[in-house]
Amino acid sequence: MRKSKEETAETRRHIIDTAAKEFRLNGIQATGLAALMSKAGLTHGGFYRHFESKEQLVAEACAAGMTHIVDVFENTARRCSDEGGYQAMVERYVSTAHRDNASGGCPLAGLGSELARADSDTRAAASRGFNELVDVMTAHIRAESDAQARSRAVFALAAMIGAVTVSRIIEDEQASTAVLDDVKRHLDAM
């Protein structure tokens, strides 16, 4: 019995969502297709009915992960005043909860070095997501000009990504948390 187009599309979305989580948790290179498909509750053989290559899946999973984090930023900011939106985004992103939830976190913090070496479609998805995050932050930063607000947003986001990445590397939990706290303190002063 053949699957309907809707069922096929749903299965594809499920694979992409599972891949986005697994790539952020284990890394792109360390996540094999057989294990990924098993985690999705599917057979390895079914992969090529949905994707031409692992690279295609990586690009689509990166795009899905970036869409998720952009939605988180937008929803976080929406609950606040314009000035409070920036602070709320910083607090949510630069947190121990984000540090400890690699599979549900930002692809840029979880996969940055691998994304830098990925194919052009994956880097394009990551770049689009980064720019969307900057746009959301820019709307909530007070500055003398739009260019200055955007510059501050780029700086803040780069610091936020770096803080979460470094905090995941550091084994000592107190030192890891201190990195997050220090970066938040500096970002609060902006």
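**Helical fold and aromatic pairs**

Read from the N terminus, the elements of the protein follow the order α-α-α-α-α-α-α-α-α-α, and the count is accordingly 10 helices and 0 strands, where helices (H or I, at least four residues) and strands (E, at least two) are DSSP runs numbered from the N terminus. The model is a predicted one, in which local features need pLDDT of at least 70 and side-chain atom pairs count only at pLDDT 80 or more, while totals for chains, interfaces and linings use all residues. Residues are numbered from 1 along each chain as its sequence is written, and side-chain values use heavy atoms, with hydrogens and water left out.

The C-alpha trace spans about 60 × 35 × 30 Å along its principal axes. For 190 residues a compact globule would have a radius of gyration near 16 Å, and the 18 Å of the protein agrees with this; the radius is taken over C-alpha atoms, and the globule rule is 2.2 Å times the number of residues to the power 0.38. Among contacts with a separation of 6 or more, 65% join residues 24 or more positions apart, a contact being heavy atoms within 4.5 Å. Of the 190 residues, 42% count as buried (buried means under 20% relative accessible area, exposed over 50%, and partly exposed in between, with a 1.4 Å probe and protein chains only).

Turning to the aromatic rings, a pair is described by the distance of the centres and the angle of the planes. The structure holds 3 aromatic pairs, for which rings of Phe, Tyr and Trp (its six-membered ring) must have centres within 6.5 Å, with planes under 30 degrees apart counting as stacked, over 60 as edge-to-face and the rest as tilted. Phe 47 and Tyr 48 form an edge-to-face pair, at 4.8 Å centre to centre and 85 degrees between the planes. Phe 47 is buried at a relative accessible area of 0%, whereas Tyr 48 counts as exposed at 52%. The pair of Phe 73 and Tyr 93 is also edge-to-face, because the ring centres lie 5.9 Å apart and the planes stand at 90 degrees. Since Phe 73 lies in helix 4 (residues 54-78) and Tyr 93 in helix 5 (residues 82-93), this pair ties together parts that are 20 residues apart in sequence. Phe 73 is buried, with a relative accessible area of 3%, and Tyr 93 is buried too, with 2%. Phe 47 and Tyr 48 also belong, together with Phe 51, to one aromatic cluster.
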